[in-house]
Amino acid sequence: MAELDIGKHCQIDSCNLKDFLPFVCDSCSGVFCLEHRSREAHSCPEEPVKRESQTTGGPKSYPCSFEDCKGKELLPVICPQCERHFCLSHRHQDDHKCEKLEVQKPRMAATKELVQKIVASKDGSKNKGRRGAKNSATAAKVALMKLKLHAAGDKGLPQTERTYFQVYLPKESKDSSQPMFFCSKWSVGKVVDYAASLASLKNNNNVLTAKKLRLCHPQTGEALRMDDTLLSLLAHPEAPLYNGGNVILEYLDNECTGLEDVSDYVTQS
């Protein structure tokens with residue numbers, strides 16, 4: 001499936017950040033990111049247009065099109081899909097319930113039906129069935145529905161770039177696990193740092209002699225390479241991770257390459 005090419009790059013050469021809902025300067029018509037949207041931030045060469053409109057009601061503003069929202073912006077914030085104006089709080093498609101948001105309703109309905117069938121077919125061997133399901137792509141798809149309801153993460157990430165995991169925390173943590181989501185383009189190292197921040201874990205990965213917080217595979221216990229990306233791990237041919245599956249965070253010695261027994265973590269839930 002081809003990736004959607006949405007958004008534009010900031011015209012500031014030193015920035016060039018791609019914003020999915022870029023800002024258009026109504027003076028020079030340039031395209032900029034959130035940081036450079038003001039005339040001062042991008043050193044706008046043009047004089048502000050329609051200054052005379054201030055005499056008939058003040059400077060022009062752009063009201064948010066989202067229902068019951070009274071927010072306004074001095075610069076246009078336009079959704080590239082439905083082409084309507086929104087405030088900063090509602091500029092993302094999922095925030096303003098965009099009519100052109102690609103929500104795959106049939107697939108979600110099919111997933112819901114699959115969940116119901118799996119629940120109905122469960123027998124008394126709860127632990128055995130549960131462990132087997134956790135290690136399959138099918139179980140990950142089922143779990144993904146629940147994770148999306150409760151997972152913590154950067155709400156500014158586009159839906160198409162989000163990868164959800166049930167993150168099992170170090171044994172010394174007060175909580176056994178937390179649902180989280182990350183950008184699929186992130187490296188494992190960035191995922192570890194972000195997860196540690198969400199779970200308020202001590203992170204001494206920059207201290208040479210300290211134990212390192214590592215992300216481990218839920219089946220093999222192998223400590224994942226810090227420079228690998230989630231995309232590459234999701235597509236791994238032999239031992240892939242699954243969107244909606246599990247990962248394990250644990251403190252390991254520098255020489256340690258993984259966990260000895262992953263069941264100490266995943267059977268706690």
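Let me start with four residues: Phe165, Phe182, Trp186 and Tyr194 form one aromatic cluster. Keep in mind that this is a predicted model.

How many aromatic pairs does a search of the whole structure find? The count is 5. Take Phe165 and Phe182. Their rings make a tilted pair, with centres 6.3 Å apart and 40° between the planes. This pair links distant parts of the chain. Phe165 belongs to strand S7, residues 162-168, and Phe182 to strand S8, residues 177-183. The two are 17 residues apart. Buried or exposed, these two, Phe165 and Phe182? Both are buried.

Now the strands themselves. S7 and S8 run antiparallel, joined by 7 bridges. Within that pairing, Phe165 has Met180 in S8 as its bridge partner.

Step back to the sheet. It is open, has 4 strands, and the order is S8-S7-S10-S9. The pairing is mixed. Which strands sit at the edges? They are S8 and S9, the latter being residues 212-216, and each pairs on one side only. From one strand to the next, the twist averages 35°.

Two helices lie across these strands. Helix H3, residues 137-150, lies across S7, S8 and S10, where S10 is 245-252. H3 runs at about 90° to S7. Helix H4, residues 188-198, lies across S8, S9 and S10. Its angle to S8 is about 135°.

Back to S7, for Arg162. This arginine is found in that strand. Why does Arg162 count as buried? Because its relative accessibility is 9%, and the cut-off for buried is under 20%. What is Arg162 in contact with, leaving aside neighbours within four places in sequence? The list is Asp94, Asp154, Lys155, Leu157, Phe181, Phe182 and Asn243. One distance to note: Arg162 and Cys183 are 21 residues apart along the chain, yet their C-alpha atoms are separated by 5.0 Å.

Next, a loop residue. Ser61 lies between strand S4, 31-32, and strand S5, 62-63. Ser61 is partly exposed, at 27% relative accessible area. Beyond residues up to four places away in sequence, Ser61 touches Lys72 and Glu73. Ser61 and Lys72 are 11 residues apart in sequence, and 6.2 Å apart in space, C-alpha to C-alpha.

Last item: a charge over a ring. Arg37 lies over the face of Phe23, at 5.3 Å from the ring centre.

Terms used: Residues are numbered from 1 along each chain as its sequence is written. This is a predicted model: local features need pLDDT of at least 70, side-chain atom pairs count only at pLDDT 80 or more; totals for chains, interfaces and linings use all residues. Side-chain values use heavy atoms; hydrogens and water are left out. Rings of Phe, Tyr and Trp (its six-membered ring) pair if their centres lie within 6.5 Å; planes under 30 degrees apart count as stacked, over 60 as edge-to-face and the rest as tilted. Buried means under 20% relative accessible area, exposed over 50%, partly exposed in between (1.4 Å probe, protein chains only). A charge sits over a ring if NZ of Lys or CZ of Arg is within 6 Å of the ring centre and within 35 degrees of the ring normal. Contact means heavy atoms within 4.5 Å. Two strands pair if DSSP finds at least two bridges between them. Axes are lines fitted to C-alpha atoms, for helices over the stretch in contact, and angles run from 0 to 180 degrees between N-to-C directions.
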